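Let's take a friendly walk through this model together. Have the viewer ready, and we will go from one part to the next.

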Amino acid sequence: MFRIGQGIDFHKITTKETNPKPLILGGIEIESNYTIIAHSDGDIILHALSDAILGALGEKDIGEYFPDDIQETKNLDSKIILKKTLEIAKEKQFIIQNIDITILSEVPKIKPFREKIKKNLSILCNIDTQQIAIKATTTETLGFIGRKEGIGCFAIVLLRKL
Ligand code: ZN
């Protein structure tokens, strides 16, 4: 039995001069002059992926488990969010079949970090890199992403029942 899920996440970005917080994507630090403004570590990839897993399981969104308005989740390592969603999947006897991720960003450019992110996701999710796609697109300078004010991520995941 298969279950499909979708997750979407957006955050504001700013320059490191304004906010020296490290930029974390897919659980790794990305070298960039920009960073993500968020209550947690702002890892849009892990947020979208976690929501996709919860969606496939018919669960509520990550905000239900990790509210962004409490002190306990301040600067939260999003690997903890992913770990929790994988635990819920495991309890329900589902494993990940494949993950398809699309990042919308003007900055940072994803290409130089694509393989590193993919490798780290494969470790975090305990699946092969061949089961993961990391795609990136710009918005051709349009809108808040084009103006380098924000960054977005779409994730689709297919789960398979053991
Ligand atoms: Zn988020």
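Helix 1 (residues 44-56) and helix 4 (residues 114-125) have axes that come within 12 Å and cross at roughly 45°. The two helices are therefore oblique to each other, a label for angles that are not under 35 degrees (roughly parallel), over 145 (roughly antiparallel) or 65 to 115 (roughly perpendicular). Here the axes are lines fitted to C-alpha atoms over the stretch in contact, with angles running from 0 to 180 degrees between N-to-C directions. Helix 1 passes helix 4 in a right-handed crossing, meaning that the near helix is turned clockwise from the far one by less than a right angle. On the helix 1 side the contact is made by Ile45, Leu46 and Leu49, and on the helix 4 side by Ile117, Leu121, Leu124 and Cys125; contact means heavy atoms within 4.5 Å. Helices (H or I, at least four residues) and strands (E, at least two) are DSSP runs, numbered from the N terminus.

A word on what you are looking at: this is a predicted model, where local features need pLDDT of at least 70, side-chain atom pairs count only at pLDDT 80 or more, and totals for chains, interfaces and linings use all residues. Residues are numbered from 1 along each chain as its sequence is written, and side-chain values use heavy atoms, with hydrogens and water left out.

Now for the metal. Which protein donors does the zinc ion have? They are Asp9 (OD), His11 (NE2) and His47 (ND1), lying 2.0 to 2.1 Å from the zinc ion; donors are N, O and S atoms within 2.8 Å of the metal (3.2 Å for Na, K and Ca), and sites may look incomplete since water is not among the atoms. Along the sequence, the donor residues follow the spacing D-x1-H-x35-H. His11 lies in strand 1 and His47 in helix 1, so this pair ties together parts that are 36 residues apart in sequence. Both His11 and His47 are buried, that is, under 20% relative accessible area, against over 50% for exposed and in between for partly exposed (1.4 Å probe, protein chains only).

Strand 1 (residues 2-15) brings us to the sheet pairing: with strand 7 (residues 150-161) it pairs in the antiparallel sense over 11 bridges, where pairing takes at least two bridges found by DSSP. Ile4 stands opposite Leu158 in strand 7. Strand 7 also runs antiparallel to strand 5 (residues 94-104), joined by 10 bridges, and there Ile99 has Val157 as its bridge partner.

Finally, look at Thr73, in the loop between helix 2 (62-65) and helix 3 (78-91). Thr73 counts as buried because its relative accessibility is 7%.
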